[in-house]
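I wrote them with the model open beside me.

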Amino acid sequence: VVLLNADTGSFEISSVRSADANGATLACHHFYRCGHRKIAVVQSEPHTLLPEKRISSFACSAELLGIRLVKIDCMTVSGEFAQHKAYLGMKRYLEENDGQPGFTAVYAVAGESVPGIMSALREFGCELPRDISIMAHSTEQIGRYYHPALTAVCADLEAEVEAAFTGLADVLDKKTPFFKTEIPMRIIERDSVNQITPDERI
C-alpha cells in the first residue's frame, strides 16, 4: 500500500506526497518577484491541516519578504460549495471596505474557488489581472480554461507516480520496509499574475 498526498506522520506506512509548504513558499516568492507587496490570502477551504499548512508557510515567507497580508476567511465547512463560499467571502470583504481591495494580488488556497473570487472582484469593477493578480494551489489542468488562465502552484504528478513505483521496487527488493517521499511543487505560469512597477504598489 502506498498512500498518495496523505500525511502519515510517524506511522510506518509508505507514502508519496507533494511538498505543500514548499508550494506556498514558491507562490509567495513569485508574487514578490512580480512586484506585489500587499496580498490577500483567501481561506476558501475548511480549517483542516493541509490548507492551514499552506497559509502558515505563505505567511512566514511574506513576513520575511516584507509583504503585508490581508486574510479573508470564507468560513467554509466540510460539505459546502467552496466556490460559492469564496465568492461570498470576497464580496463581503469588498463591501466592508467600500469596494476598495487594498491589495494587488490574491493567493487562493485551492484552485476550485478561483472562479468565485474572480466573480466577486469583477462585480466591484476590478479588471484581472490588470488591477488584481491571482494565483492558487491547483492541478495543472483546472486553471487552463479560466479567464485569465490561472497561474498555479501544481503538484508534479509524473514525479509522484515515479517515486511511488521506485519506492515499491525498493520495498519488494527488501531494501527498506517502507518509504516516505515528498515531491517539490512547481509554478505553472499563465496569464493571471501581472508584473507591476513600484509606483503601482500599495
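I am working from a predicted model, in which local features need pLDDT of at least 70 and side-chain atom pairs count only at pLDDT 80 or more, while totals for chains, interfaces and linings use all residues. Residues are numbered from 1 along each chain as its sequence is written, and side-chain values use heavy atoms, with hydrogens and water left out.

I began with Arg-144, which sits in the loop between strand 6 and strand 7 (151-154); helices (H or I, at least four residues) and strands (E, at least two) are DSSP runs numbered from the N terminus. Arg-144 is partly exposed, with a relative accessible area of 35%. Leaving aside neighbours within four places in sequence, I found Arg-144 in contact with Ala-149 and Arg-190, where contact means heavy atoms within 4.5 Å. I also looked up the separation of Arg-144 from Leu-94, and the two are 50 residues apart in sequence and 27 Å apart in space, C-alpha to C-alpha.

Is Ser-44 buried or exposed? Ser-44 counts as buried, at 0% relative accessibility, and is placed in the loop between strand 3 and helix 2 (49-65). Beyond its neighbours within four places in sequence, Ser-44 touches Cys-74, Thr-76, Ala-82, Ala-86, Val-109, Ala-110 and Ser-113.

Ser-15, in strand 2, also counts as buried, at 3% relative accessibility. With neighbours within four places in sequence again set aside, the contacts of Ser-15 are Val-2, Leu-3, Ala-6, Thr-8, Phe-179, Lys-180 and Thr-181.

**Entry: salt bridges**

How many salt bridges does a search of the whole structure find? The search finds seven, a salt bridge being a side-chain nitrogen of Lys or Arg within 4 Å of a carboxyl oxygen of Asp or Glu.

I took the pair of Glu-182 and Arg-17, whose closest N and O atoms are 3.6 Å apart. This pair links distant parts of the chain, since Glu-182 belongs to strand 8 (residues 180-183) and Arg-17 to strand 2 (residues 15-18), 165 residues apart. Glu-182 is partly exposed at 47% relative accessible area, and Arg-17 is partly exposed at 22%.

Next I looked at Glu-127 and Arg-130, a salt bridge with its closest N and O atoms 3.4 Å apart. Glu-127 is partly exposed, with a relative accessible area of 41%, whereas Arg-130 is exposed at 52%. Glu-127, Arg-130 and Asp-131 are linked in a network of salt bridges.

I also noted the salt bridge of Lys-175 with Asp-170, where the closest N and O atoms are 3.9 Å apart. Here Lys-175 counts as exposed at 61% relative accessibility, while Asp-170 is partly exposed at 26%.

**Entry: helix 3 and helix 4**

Helix 3 (residues 82-96) and helix 4 (residues 114-123) pack at an angle of about 30°, with their axes 7 Å apart; axes are lines fitted to C-alpha atoms, for helices over the stretch in contact, and angles run from 0 to 180 degrees between N-to-C directions. That angle makes helix 3 roughly parallel to helix 4, because angles under 35 degrees count as roughly parallel, over 145 as roughly antiparallel, 65 to 115 as roughly perpendicular and the rest as oblique.

Which residues make the contact? On helix 3 they are Gln-83, Ala-86, Tyr-87, Met-90, Lys-91 and Leu-94, and on helix 4 they are Pro-115, Gly-116, Ile-117, Ser-119, Ala-120, Leu-121 and Glu-123.

For helix 4 I listed the buried residues as Val-114, Gly-116, Ile-117, Met-118, Ala-120 and Leu-121. What covers them includes strand 3 (38-43), helix 3, strand 5 (105-108) and strand 6 (133-137). Just after helix 4, Gly-125 takes a positive phi of about 85°.

**Entry: helix 1 and helix 2**

The axes of helix 1 (residues 20-33) and helix 2 come within 8 Å and cross at roughly 40°, and the two helices are therefore oblique to each other.

Definitions and conventions. Buried < 20%, exposed > 50% of the residue type's maximum accessible area, 1.4 Å probe, protein only.
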